[in-house]
Structure formats: C-alpha cells, structure tokens
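Please examine the model shown here together with its sequence.

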Amino acid sequence: MARPLGPVRLKKASPVTLAIGAFFTILVLYFLIGSSAPDFSASRKASAASHPLSPPTSPFRKSTGGGKPKAPPVAHYNLNNVTITSDPLGNQENILLLTPMARFYQQYWDNLLKLSYPHELITLGFILPKTKEGNAATTELQKQIAKTQKSGPEKDRFKSIIILRQDFDPPLQSQDEAERHKIQNQKIRRAAMAKARNSLLFTTLGPATSWVLWLDADVIETPPSLIQDLAAHNKPVIAPNCFQRFYNTEKKTMDERPYDFNNWQDSPTAVELAKKMGPDDILLEGYADMATYRALMAYMHKADGLKQETVPLDGVGGAALLVKADVHRDGAMFPPFSFYHLIETEGFAKMAKRLGWQPFGLPNYKVYHYNE
C-alpha cells in the first residue's frame with residue numbers, strides 16, 4: 001500500500017538564478033525573431049514578391065517557415081499607372097538594367113555599384129553563353145552578387161537580379177576584340193547577340209518597369225548619374241557616346257578615342273548601297289570595305305560642346321542605351337536577321353522608328369569601354 005506523501009517544500013530560487021534565466025530567455029527570443037526579420041527597408045519589403053512565380057523584377061524572399069507553399073497569386077496590373085518621365089527618381093520609377101556578358105570585368109561591377117540611382121529601384125538582368133569563358137564569367141559574377149546582396153551595405157543591394165544562360169551555341173568561341181570585329185564574323189556574331197538580347201529582354205521585362213538601360217559588360221566607366229542624366233531628356237531611345245581610354249605612344253600620355261560606330265545618321269550613299277543588296281545582306285559600319293559615308297556620332301563630339309546636346313539618329317549601338325519600356329512593349333526588339341539591311345541594335349533603331357519612336361544620341365556625353 002502506497003504511503004501518502006507529506007507536504008512538498010519548494011526551494012526558493014535566488015535572484016541571481018532568475019536574472020540569468022531571464023537573460024538567456026531574451027537571448028533565444030532575439031535570435032528567433034531576428035533571424036526572420038531581415039535588415040531591409042520598408043520600401044524593399046513593400047515591393048517584395050509574395051510568390052516565386054511573381055514577375056522576375058520583383059524581389060522574392062524565401063519563407064523561413066515550413067508547411068505547404070501557398071498557391072501562386074492572381075495579380076492584376078494597370079500599365080496606365082506606370083509612369084515613364086524625365087524625373088524617374090522623383091517618381092520612384094523602376095529601372096531594368098540588362099547586360100549580355102561573355103567576360104566579367106571587375107571595373108564593370110564596381111561602376112554599377114557607383115550608380116547614384118537608388119539600387120532598390122534597379123533590377124539587374126544578365127545572359128551568358130555556355131562556353132569556358134562564359135562559365136568563368138558566371139562564377140565571378142555570382143561571387144560579386146553574393147558579396148553585394150548578402151553582406152554589402154543596403155544602399156548597394158539591388159532590387160532583384162536575374163541570371164540567364166544561353167540555350168544556343170555561340171558562333172565564335174573566342175571573345176578577343178580582333179576576332180569579334182572581323183568583317184566576315186559580323187553577321188553571325190551580331191545575329192547571336194540579337195538572340196541573346198531578345199531572350200534577356202523577353203524574360204525580364206516586368207509590368208512595373210519604366211525604363212530599360214542596356215549596358216555592355218565591357219563598359220567600365222560612366223557618370224554615377226547616368227540613369228538620371230539620360231532619362232532627363234525624356235526621349236524614347238537615347239544613346240551616349242562610347243569612347244575608349246588608351247596610352248598614346250606619340251604624345252607619351254593617356255588619351256581617348258571613339259569606340260562605338262553604330263550610332264549614326266543615314267546617308268544617300270548607304271541608302272543606294274542597300275537598294276543593290278540581296279534580301280539577306282546587311283550594311284555594316286566602321287569598315288573600309290563598305291564605305292557608307294554615314295554621319296557617325298562618334299565624330300560629332302566637341303571638347304567644348306554641351307553635354308545636353310542631342311542629335312536624331314537612324315542607327316544605335318548597344319554599349320549604353322536607355323529605352324522607354326513602352327518602346328519594347330510596342331514590339332521593338334533586336335532583329336537577328338536582315339531588317340531593311342540592318343541587324344541587332346541598328347535594326348532595333350529602324351524598328352523603333354517604324355513604330356513611331358525616334359532614337360536620339362548625346363555626342364558630348366561620354367561613357368568608356370574597356371581597352372583590351
């Protein structure tokens with residue numbers, strides 16, 4: 001038979017023990033709550049996507065909780081509410097910055113981080129070829145993205161970043177400058193570039209995008225206010241002048257020279273040449289074997305000219321190019337075929353004009369290309 005227990009006496013805990021217990025309880029709660037509350041500003045939280053199938057230009061943060069994932073949301077977008085103005089900063093307009101990349105240059109990434117437009121309004125998109133150089137570039141790009149997005153200051157972190165790999169083989173295995181610019185390689189090279197640009201554009205253009213900035217991976221120096229400066233002109237398509245810094249052996253000093261010759265105004269000679277061409281032939285700029293006598297923006301630069309001066313263009317290059325998102329939404333893309341005897345970015349300019357969007361250039365506003 002069990003014996004009844006006597007009265008139970010509880011030992012009184014000392015104040016020190018209670019204090020230590022309270023301290024560890026608070027510490028555990030801090031880590032539990034803190035780990036689920038990322039260091040993001042209110043504006044970033046407000047623009048975060050609610051599901052991984054949301055538009056790619058909306059940053060998506062993975063849920064830390066378990067359980068069954070929610071069904072994809074049904075989203076409604078009114079494109080009439082998307083502003084595209086000369087004051088994108090004042091109107092908090094979203095920028096889609098797109099870069100086809102075959103090689104990674106650290107100076108390119110460093111220049112991106114210096115852009116003064118709020119990074120929380122900038123989505124980055126990249127497309128890289130499945131080659132040895134492309135694989136190396138992807139690895140280096142991912143290192144910099146992780147460094148910036150995970151451990152960098154919040155002001156440096158971009159809204160979202162998309163990386164694509166080309167699903168077709170590049171026509172040229174080498175990306176050396178001399179090989180890229182051989183005249184016999186131009187049609188196949190630029191057709192592949194056009195396909196890459198289109199794949200990148202069609203995959204990343206979101207319903208909230210106001211402007212698309214095309215910036216080549218070897219453009220390593222721009223003014224920090226590049227986006228604001230170009231948008232201030234409120235042109236549907238606008239290109240700065242792309243130059244290249246080099247060491248001038250004759251002057252024994254650093255110098256600079258024009259680089260991008262695809263920004264041009266058409267000429268009667270070029271028009272006549274096109275009339276004599278076959279349907280699949282293309283006109284190329286910057287080659288002595290195909291003298292077009294077009295007016296090249298590269299040679300319109302004036303040392304004492306106004307940076308704000310604009311000129312109408314019939315062809316544009318892709319080194320740096322700001323495009324109103326509506327131009328692309330209307331159907332202007334980069335033809336990988338002969339379009340009025342033009343291809344890729346120059347074909348895009350022709351297509352934009354056919355849709356009623358006039359391209360412009362800034363002969364005295366310069367960005368700089370890497371010197372190999």
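The model is predicted: local features require pLDDT of at least 70, side-chain atom pairs count only at pLDDT 80 or more, and totals for chains, interfaces and linings use all residues. Residues are numbered from 1 along each chain as its sequence is written, and side-chain values use heavy atoms, with hydrogens and water left out.

Helices (H or I, at least four residues) and strands (E, at least two) are DSSP runs, numbered from the N terminus. Buried here means under 20% relative accessible area, exposed means over 50%, and partly exposed lies in between (1.4 Å probe, protein chains only). Two strands pair if DSSP finds at least two bridges between them.

| Partner of β6 | Residues | Direction | Bridges |
|---|---|---|---|
| Strand β7 | residues 253-258 | antiparallel | 6 bridges |
| Strand β11 | residues 320-324 | antiparallel | 2 bridges |
| Strand β12 | residues 359-369 | parallel | 8 bridges |

Val237 stands opposite Val323 in β11 and also opposite Pro359 in β12. Tyr247 has Met254 of β7 as its bridge partner. Strands β6 and β7 form a hairpin with 4 residues between them, and Lys252 in the turn has a positive phi of about 60°. As a general point, side chains in a regular strand alternate between the two faces of the sheet.

Gln228 belongs to helix α7, which covers residues 226-231. With a relative accessible area of 18%, Gln228 is buried. Its side chain makes a polar contact of 3.1 Å with that of Ser116. A polar contact is a pair of N or O atoms within 3.5 Å; within protein, one must be able to donate a hydrogen and the other to accept it, and residues adjacent in sequence count only if both atoms are side-chain atoms. Setting aside residues up to four places away in sequence, Gln228 touches Leu89, Ser116 and Tyr117, where contact means heavy atoms within 4.5 Å.

Leu89 is located in the loop between α2 (42-47) and β1 (94-100). Leu89 is partly exposed, at 34% relative accessibility. With residues up to four places away in sequence again not counted, Leu89 touches Tyr117, Pro118 and Gln228. The C-alpha atoms of Leu89 and Leu121 are separated by 9.1 Å, although the two residues are 32 residues apart along the chain.
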